[in-house]
Structure formats: C-alpha cells, structure tokens
Amino acid sequence: MALTNPLSSFIIVGCGKLGTLVGSLSQANPVAETLTTRTHPELTQLGLIPRIKSQTGRFDHVLFAVPPSNKEDYLKEIRRALTLWSHAGAFVFISSTAVYREDSGKTVTESSALADSPRAQLLIEGEKWVLAEKGTVLRLAGLYHRTSGPHIYYSQLAESPLRGDGLINLIHYEDAASLTLKLFHTRYPEQVFLGSDNSPICRNELVQISQTFLKQNTPLCRFLGSEGPLGKKVNNDFTRKQLDWSPTYSSFQDFARTVASIH
C-alpha cells in the first residue's frame, strides 16, 4: 500500500510503534520526527527519513500519532503539528475508543455519545481542532501484537481489582497501520473513523487464550471485581464499508491461533 507522493510530502509526528510501522509500510520514505537522534539509525534502516522536532517545513500529509500527555503539552503538540500541514493532502489524528461514554456493555459506533472524563475530554478537544482544520480522526481500540498489549500486561499480574467479564476491544498493530494508510489515499476531511477487530473479548478469556495459544508460562491473573463498568462493544462496520477495509486478524483468538500454528 505505497503512497505516491514526493519524499518530502509525508511526515509522521510521533514515531512510536504505530507511527514507525505506518512509515515502514507506506513505502513513501516519510519524514519521521523525533525528540532526539537516538532512534535515527533504526528509522533509517526502515526507510524513514529521521529529523529532530526543532526542524521546520510543511508537508502534504501528516500523521499525528502522539500519545496523550498533560493537557498543555499535548494540545501544544497538536497545534504545532497542524502548522506543518500544507492542506494539500491528509492530516490523520490518532485518537482512542476511550472517548466513548458507554460502559455498560452496549455497542458503540463512529457517532456514539462521548465521555466527559478528563482523558476523554483531552482527546476530544484535540479531535475538534483537527476536524476544524478539515483533518481526519481515527479512533483506535487497544493495540497489541505478540509482545505488547493487554495480554502481556495481565500476564505480569497475579491479580487485578477489575472485572473478569469486563470487555476489551482490540486491533492488531499491523491492522491499525493498514487502516491508517487507507486514510492517506483518499482525503476524508472532517470525518471520524474507527479501528477495531469488531470482536470484543472479556479479560478472563483474554488471559486464558494467551496462556493456551501463546504459551505464557505464568499463572492466570485473577480478576477480583464484580461491580463497576462492564465496558463497550466497538463496531466499525461504517469504517470498513467506507474505506473498503477489513483486518487480517478478525479477533484476538484468530491472532493467537495463527501464532500458535507458526511456532
């Protein structure tokens, strides 16, 4: 899924796992902006063009994949990233399904009601700025791969105060990257999309599958909670139809079985 733009027309602000993966898959040799030069050799090997944050310039396409920090710094970064955009292409803002209000186990879609928690409001404010500039928002479910994600987090815990039947929505890093790239092929100004595998899983099942298929040699985390939020079921059928996209891994179970069959 290569971009056909000049080398200088695509910049990634926030070269963590997702941003770096998007850049390496784009085959467009995007500029990768970092705070220091520590990761520059690795980024260069992946086909990205690293630069430090203090450099300037304008780009047709911008991916903003910076995780939320404190409010002042995060919103400042969004404003700065928007000044890098020429508006000739797409500005894609990576947000989260944490913005949704639902927590009783019901379904949410791209247009569902939003939450008023401080974390949600920070993301929502950032989304509003991007949409006002005719950018695009992509709200992602929980990201994971073989060595990172909630299955790894819970494998390191003996117990948790959360509900074992509480729902988690997921999307594999590779699927999130392919979905993100879709948004740079056709511009979708002022639109909100969702990234999820559409297969919510409860915490109990997540840790059981991890131990069975991924052969995590640790005791299962015991979830002690019986009350509190149940979570939500993310459905992104609209996004799939609009972008003609579907994930490689249709569920965490599918991913685990695939990994087990390889090893």
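The model is predicted, so local features need pLDDT of at least 70, side-chain atom pairs count only at pLDDT 80 or more, and totals for chains, interfaces and linings use all residues. Residues are numbered from 1 along each chain as its sequence is written, and side-chain values use heavy atoms, with hydrogens and water left out.

Start with the whole protein. Its secondary structure comes to nine helices and 15 strands. Helices (H or I, at least four residues) and strands (E, at least two) are DSSP runs, numbered from the N terminus. The C-alpha trace spans about 50 × 40 × 35 Å along its principal axes.

How much of the protein is buried? Of its 263 residues, 50% count as buried. Buried means under 20% relative accessible area, exposed over 50%, and partly exposed in between (1.4 Å probe, protein chains only). The protein exposes about 12500 Å², and carbon and sulfur atoms supply 51% of that area. Accessible areas come from the Shrake-Rupley method with a 1.4 Å probe; for residues, only the protein chains shown count as cover.

Now the salt bridges. A salt bridge is a side-chain nitrogen of Lys or Arg within 4 Å of a carboxyl oxygen of Asp or Glu. By this rule there are nine. One of them pairs Arg80 with Glu33, with the closest N and O atoms 2.5 Å apart. Arg80 lies in helix α3 (residues 71-83) and Glu33 in strand β2 (residues 31-34), so the pair ties together parts that are 47 residues apart in sequence. Both Arg80 and Glu33 are buried.

Helix α3 also holds Glu77. Glu77 forms a salt bridge with Lys53, at 2.6 Å between the closest N and O atoms. Lys53 sits in the loop between β3 (49-52) and β4 (61-64), so this pair ties together parts 24 residues apart in sequence. Glu77 is buried, at 15% relative accessible area, whereas Lys53 is partly exposed at 29%. Glu33, Arg51, Lys53, Glu77 and Arg80 are linked in a network of salt bridges.

Turn next to helix α7 (residues 203-213). Its buried residues are Arg203, Leu206, Val207, Ile209 and Ser210. Seen down the axis of α7, they fall within an arc of 160°, so they line one face of the helix. The arc is that of the directions from the helix axis to the C-beta atoms. After α7 comes Lys215, whose phi is positive, near 55°.

Finish at His151, in helix α5 (residues 150-155). His151 counts as buried because its relative accessibility is 1%. What does His151 touch? Leaving out residues up to four places away in sequence, its contacts are Tyr144, His145, Arg146, Leu206, Ser210, Leu214, Gln216 and Phe252. Leu206 and Ser210 are among the buried residues of α7. A polar atom of the His151 side chain also lies 3.0 Å from the backbone oxygen of His145.

Methods. Polar contact = N/O pair within 3.5 Å; in protein donor to acceptor, adjacent residues only side chain to side chain. Contact = heavy atoms within 4.5 Å.
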